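Subject: Structure handover

Hello,

Here is the structure for your files. My notes on it follow below.

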Amino acid sequence: MKQEENGLVYLSGGMFRGEQPWIHSERVIDSYEILFMVQGVAYMAEEDTDYTLQPGDVLLLEPGKRHKGTRVSENGCCFYWCHFLPAEDALVQFK
């Protein structure tokens, strides 16, 4: 856990490369997650809202909401991902 000057706490992150075919698993997480699409197309939903993510798109997923893939990315895809919390929330969660 690393607190930044901007009031955010970085939890984890990296680059994901989905081989073809690929679909995002269903889950509910306790942090924010931001996705930065690099290559291919990813089909996602958060609760009842569907998204088709293409290179250059950014999606912010909220804690406590169910997200999942809605369709298979036939040609695979690549995106950066980062989990984070506002500093105040992280202090409560990690005490």
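A nonpolar core is taken here as a set of buried Ala, Val, Leu, Ile, Met, Phe, Trp, Tyr and Cys residues joined through side-chain atoms within 4.5 Å. Buried means under 20% relative accessible area, exposed over 50%, and partly exposed in between (1.4 Å probe, protein chains only).

The model is predicted: local features need pLDDT of at least 70, side-chain atom pairs count only at pLDDT 80 or more, and totals for chains, interfaces and linings use all residues. Residues are numbered from 1 along each chain as its sequence is written, and side-chain values use heavy atoms, with hydrogens and water left out.

Overall layout. The protein has nine strands and one helix, in the order β-β-β-β-β-β-β-β-β-α from the N terminus. Helices (H or I, at least four residues) and strands (E, at least two) are DSSP runs, numbered from the N terminus. Of the 95 residues, 34% are buried. With contact meaning heavy atoms within 4.5 Å, residues 24 or more positions apart account for 71% of the contacts with a separation of 6 or more.

Core. The largest nonpolar core consists of ten residues: W22, L35, M37, A42, M44, L53, L59, L61, C77 and F79.

Surface. The accessible surface is about 6000 Å² (Shrake-Rupley method, 1.4 Å probe; for residues, only the protein chains shown count as cover), and carbon and sulfur atoms hold 48% of that surface. A nonpolar surface patch is formed by M15, F36, V38, V58 and Y80, with about 420 Å² of accessible area together. V58 lies in strand 7 (residues 58-61) and is partly exposed, at 48% relative accessible area.

Loop between strands 2 and 3. I23 sits in this loop and is partly exposed, at 39%. H24, in the loop between strand 2 (8-18) and strand 3 (27-28), is buried, at 8%. Leaving aside neighbours within four places in sequence, I23 contacts G69, T70, R71 and V72, while H24 contacts M44, H67, K68 and G69. The C-alpha atoms of I23 and T70 are 7.4 Å apart, with the residues 47 apart in sequence.

Regards

Technical notes
Patches are made of residues with over 30% relative accessible area and no salt bridge: like charges are joined within 9 Å, nonpolar side chains (Val, Leu, Ile, Met, Phe, Trp, Tyr) within 5 Å. A salt bridge is a side-chain nitrogen of Lys or Arg within 4 Å of a carboxyl oxygen of Asp or Glu.
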